[in-house]
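Open the model in your viewer and keep the selection panel at hand. The stops below go from chain pairs to a single chain and then to one helix.

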Protein chains: 4
Amino acid sequence: MIIVMKKGAEQKEIDDVTRWIESVGYRAHLSKGVERTIIGAVGDERGKVFLKSAEMMPGVEKVVPILQPYKLASRESREGDTIINVGNVAVGGPKFVVIAGPCAVETEEQLMESAYVVKKAGASMLRGGAFKPRTSPYSFQGLGEEGLKILARAREKTGLPVVTEVMSASDVELVESYVDVLQVGARNTQNFALLKGVGHSKKPVLLKRGMMTTIEELLMSAEYILASGNDRVMLCERGIRSFETATRNTLDLSAVPVLKEKTHLPVIVDPSHAVGQWRLVPPMAKAAVAAGADGLMIEVHPDPRHALSDGPQSLKPEKFYRLMDEIEEIASVVRKE
Amino acid sequence: MIIVMKKGAEQKEIDDVTRWIESVGYRAHLSKGVERTIIGAVGDERGKVFLKSAEMMPGVEKVVPILQPYKLASRESREGDTIINVGNVAVGGPKFVVIAGPCAVETEEQLMESAYVVKKAGASMLRGGAFKPRTSPYSFQGLGEEGLKILARAREKTGLPVVTEVMSASDVELVESYVDVLQVGARNTQNFALLKGVGHSKKPVLLKRGMMTTIEELLMSAEYILASGNDRVMLCERGIRSFETATRNTLDLSAVPVLKEKTHLPVIVDPSHAVGQWRLVPPMAKAAVAAGADGLMIEVHPDPRHALSDGPQSLKPEKFYRLMDEIEEIASVVRKE
Amino acid sequence: MIIVMKKGAEQKEIDDVTRWIESVGYRAHLSKGVERTIIGAVGDERGKVFLKSAEMMPGVEKVVPILQPYKLASRESREGDTIINVGNVAVGGPKFVVIAGPCAVETEEQLMESAYVVKKAGASMLRGGAFKPRTSPYSFQGLGEEGLKILARAREKTGLPVVTEVMSASDVELVESYVDVLQVGARNTQNFALLKGVGHSKKPVLLKRGMMTTIEELLMSAEYILASGNDRVMLCERGIRSFETATRNTLDLSAVPVLKEKTHLPVIVDPSHAVGQWRLVPPMAKAAVAAGADGLMIEVHPDPRHALSDGPQSLKPEKFYRLMDEIEEIASVVRKE
Amino acid sequence: MIIVMKKGAEQKEIDDVTRWIESVGYRAHLSKGVERTIIGAVGDERGKVFLKSAEMMPGVEKVVPILQPYKLASRESREGDTIINVGNVAVGGPKFVVIAGPCAVETEEQLMESAYVVKKAGASMLRGGAFKPRTSPYSFQGLGEEGLKILARAREKTGLPVVTEVMSASDVELVESYVDVLQVGARNTQNFALLKGVGHSKKPVLLKRGMMTTIEELLMSAEYILASGNDRVMLCERGIRSFETATRNTLDLSAVPVLKEKTHLPVIVDPSHAVGQWRLVPPMAKAAVAAGADGLMIEVHPDPRHALSDGPQSLKPEKFYRLMDEIEEIASVVRKE
């Protein structure tokens, strides 16, 4: 960490900061420039948020952190890319992965039909929500355990691994007994109790970026899971909140190459929740492949017009089949190396 | 809800939409303008998110919701302002309320010292975190139940009601056994499991607006608590995330008069977390009073430089005493009516 | 436009609104629902911002505009896509277009070297700034007319049409006498005096989206140019400002399919300014092709480390050659239809 | 400026960076920590954006600027606060200043009526737009020179200095011949040609912050004017763009104390444009006083319902009179020191 003193800071102020740095266990390294004195606090600054307190000391202009605050999630901590095996699907490896299915499990019939569409299209995993985080308490909240059972039956019949959201640490045990991947949703990216909960699970986790979560915060949330003992985390960009209202959220595709630089974890993109309108899903799905994502998560519904949740952004089967062909073609251009 | 058809939409498309509206239980009301046909879907649209699915039907340009989606939280549902009694403190009434204390309970000594400062300054309630939501898994996570016990002892000694954060539905019972007000933090504003949890508590709830939460979404989160049976909810503006980085977040003070128009619930402002630097806390605290808030939540620490959490934004006792005087003066101007 | 009355609005209030609508030249259309009365104001609402004033009348809850506010820029106003011919380059047609070159014209040698790289790579147009909009008054402000002359000579030697920014209406005449396409920069998207200026030019305009401009506002700015008589406008997405700081701005690629739906004008993407780091330019360039853009604008510099402007985001020649191959491959997948 | 090398950066990479720093005219200062080597580039970095190019050199993790990029606008450059005299009004001194009037000059009658209201209320200056920056080319664009003449006559009759917007450098001479203060609007905050234009004027400038302008960028824009020779600049916060749509923009009142710390220039707040609804103007105006602003700019219209521009946010005379009383009371509390 670097502490920049104000222009004209007095010697006493500089000494005070130096002493304070040493009193909290760091080594001070002074550097006097023409206009400013700069004091380095040498030592491991991660998790030591209190170092920011230097900012309130007289004569201090600002405090600049130098190290990135995550360890286990960083590229530095691990050679190569993490590949996560889910059944016979390898996420983060050379093969591009598509997870698809309806927003919510509504009925056995609806999910089975979706599952066959997903399988026929050549996708790798089935998604479907049993516990639904809904803005309104009056909206459909999901089928709960009954939904998990339907998902498990769909896996049996199709062989597709299933992904579903878990909303509370106290549900982790129940949910992991039925499904293959635990999803942490965008509204829970910084629900630290839940992060610790899935961190103690044996099942891989799909961690969604929140609408207002920075890339660094997303990696810190992954760090919670990794530090709790679960090293199988996939990250998922699903759109951030900006001033633009033409789309539901703003899909931040630059996050894909940024994450690939900073972390060894696989990166998935969910264009459906980001854009909120099915017409925009295919172009953004293709863009995600071209940007270097390891996989996609796409909402598909046999009858979107009567979906209980997120109908407007769900693709009909025929649109999805066609998109899968294009995804494959672009993946073959981008991932050939 | 209103469905705007595209220019030149065909009669068949209009008929289709009309039939669909009726098939999902609403009454259709047609209005043909010069350029556009507009179809109203008459009925209670709240919680009926699936109505948005009309957007994917051929010939439809857009779907415009008309009713606000919350009921119990709205001004329409209740005459007058809700006043919440916590011990002998009335939040939302004529008297301006100040909640103060350190970010985290660190030791008995630190909390007691803080509590006496808070009391001496004339504030109404004591705050202090026992369970701390921290971005980094390596940061101090709070004292847990031991912190709750310290808070309870501080209440005994000073008579001040205490407010503390609860981070998980499974902790509600524990936390409410020790404190007077349950706080839901900014990262949990849309943690629906937790909202239901505090909704079943008998203790009042201080619901913070998330960094990414719109005013409408905040009211929907309040609606979750109200709909679960707990009608004692105070809302708290604590800064939203914007592109500006000069302050930690952007304190959205306009939210105060907007909320006062839309809801009967009391509105508190937390300037400390919003700005992140103690120097900016007094002007923003005073501005919050002038904007019409019912109360403030301010971080005060006897030794901010050695605070384990949020030192840079904590006021020292002497600064806090002075601020309390100014708050009182402005409150007497603004709240005299 | 639709005026939604408050629940329980009085008949007198409804009558007042109705009379007011008629007094300002519109026809009122009443629709009484169970909870709300809704009044349509029938007529052309475009440019009639004053209609929003209804919002301040007693009993009115909100005013909802129905028509999109632009005409000439909208898909409704024109069949098919606009194709803009610049020399022998057709922007908006089947062939994908790449505009490349350095951020600023620095010297004749630097620009010529860049121009040959651009040509060798197979790009279609050369870019280079002679008038540079710089945040700091102490930064290099461009070579001015001398820069324009260098650009004109580069065109002569390579046959590549040239694009350059014009910063003030009073410079339009000078700039258009040297170059082929007038660029309006991101900080001038709503500089209405400049928009009218380029609207009176005979040269095509490349209109960049501002960091703070919504898609609708971008189309309104295009409308200014179209309404002034210049119907050759290309739109350019170059990143918007969000809370994320890992990239300079957030490239909003969803804007591409949204714009293709709403307007007949061609859409170009500038990934260089959006991301601000050369490593991220190739993945985002490829993503833009896959998202359906008509072209790209990319910064290339023979010696980025010594560039006077935007060095960190400029590609070296060898990186650019390789990227051009990948762009072509993806374009051949996406644009084959 | 500080260059942070990657963990494990090689000696050759460190040497390269050191040599490059010296080749561009700075002195390098090396500091080796346990995990990272940090290289300071000592010298005046302002305006030297090209220093950022170090970011692309092998082994470099990031480049951190240390000095603030503005000089003349900074507190360091000048003792005390700048007070700007406009007629007999002193902006930035002990007396709180209110500028009021209609959004646009519509007719002589409308402006005169407004001017008398403004004067009667005890405000210090009159505002009114003659050149109106409108999102739509079809909206009322202002009366132009005729509007300026009306403003000049209002000043003669009331003695109030007048403020009006100038939209283009080529209009500066015309506008300054009629009015007392030149306003640069929120869409032109980074219109550098215009900033230079008003920088050469003898009249004071009211510089509005753009909807997506950071505080640092606002100060850089002020720096353009100051560096061009005009040292009479007032800054104006008028709301920034955020994700919240309940208000037109988000009034960033924290910008007031932040600006007061960083610059000696006076700070005005315009709540009317920020919130967009007249009901919210009084609370936010009072909050601005309490936050420490030097003045307010408020829209007042004798007949808002028929205003040609911004009717919904304009106060009626009687509301304005009452607000002026409250402003005075709060100012007397806050500014007594």
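How many residues of chain B are in contact with residues of chain C? Select both chains: 19 residues of chain B are in contact with 19 residues of chain C. Contact here requires C-beta atoms, placed from the backbone, to lie within 7 Å.

Before going on, note that this is a predicted model: local features need pLDDT of at least 70, side-chain atom pairs count only at pLDDT 80 or more, and totals for chains, interfaces and linings use all residues. Residues are numbered from 1 along each chain as its sequence is written, while chains are lettered from A and ligands numbered from 1 in the order in which they are written.

**The B–C interface**

Stay on the side of chain B that touches chain C. Color strand 1 (2-5), strand 2 (27-32) and strand 3 (37-42) of chain B; each supplies at least two residues to that side. Strand 3 gives the most, with three residues. Strands (E, at least two residues) and helices (H or I, at least four) are DSSP runs, numbered from the N terminus.

Now color that side of chain B by class: nine residues are nonpolar, five polar and five charged. Nonpolar covers Ala, Val, Leu, Ile, Met, Phe, Trp, Tyr, Cys and Pro; charged covers Asp, Glu, Lys and Arg; the others, Gly among them, are polar.

**The axes**

Superpose chain B on chain C. A turn of 180° and a shift of 0.0 Å along the axis give an RMSD of 0.0 Å. The two copies are thus related as by a two-fold rotation axis. Center on B:Phe243: its C-alpha is the nearest to the axis in chain B, 2.2 Å from it.

The turn is 180°, the shift 0.0 Å and the RMSD 0.1 Å. In chain C, C:Met212 has the C-alpha nearest this axis, at 2.6 Å.

**Chain A alone**

Hide the rest. Chain A has ten helices and 14 strands. Its C-alpha trace spans about 75 × 45 × 40 Å along its principal axes.

**Helix 9 of chain B**

Select residues 281-291 of chain B. Eleven of the eleven residues are buried, so helix 9 is largely enclosed by the rest of the structure. Buried means 20 or more other C-beta atoms within 10 Å of the residue's own, with C-beta atoms placed from the backbone. B:Lys286 is among the buried residues. Finish just after the helix, where B:Gly292 takes a positive phi of about 105°.

Terms used. Contact = placed C-beta atoms within 7 Å. Least-squares fit on C-alpha atoms with pLDDT ≥ 70 in both. Buried ≥ 20, exposed ≤ 12 C-beta atoms within 10 Å, placed from the backbone.
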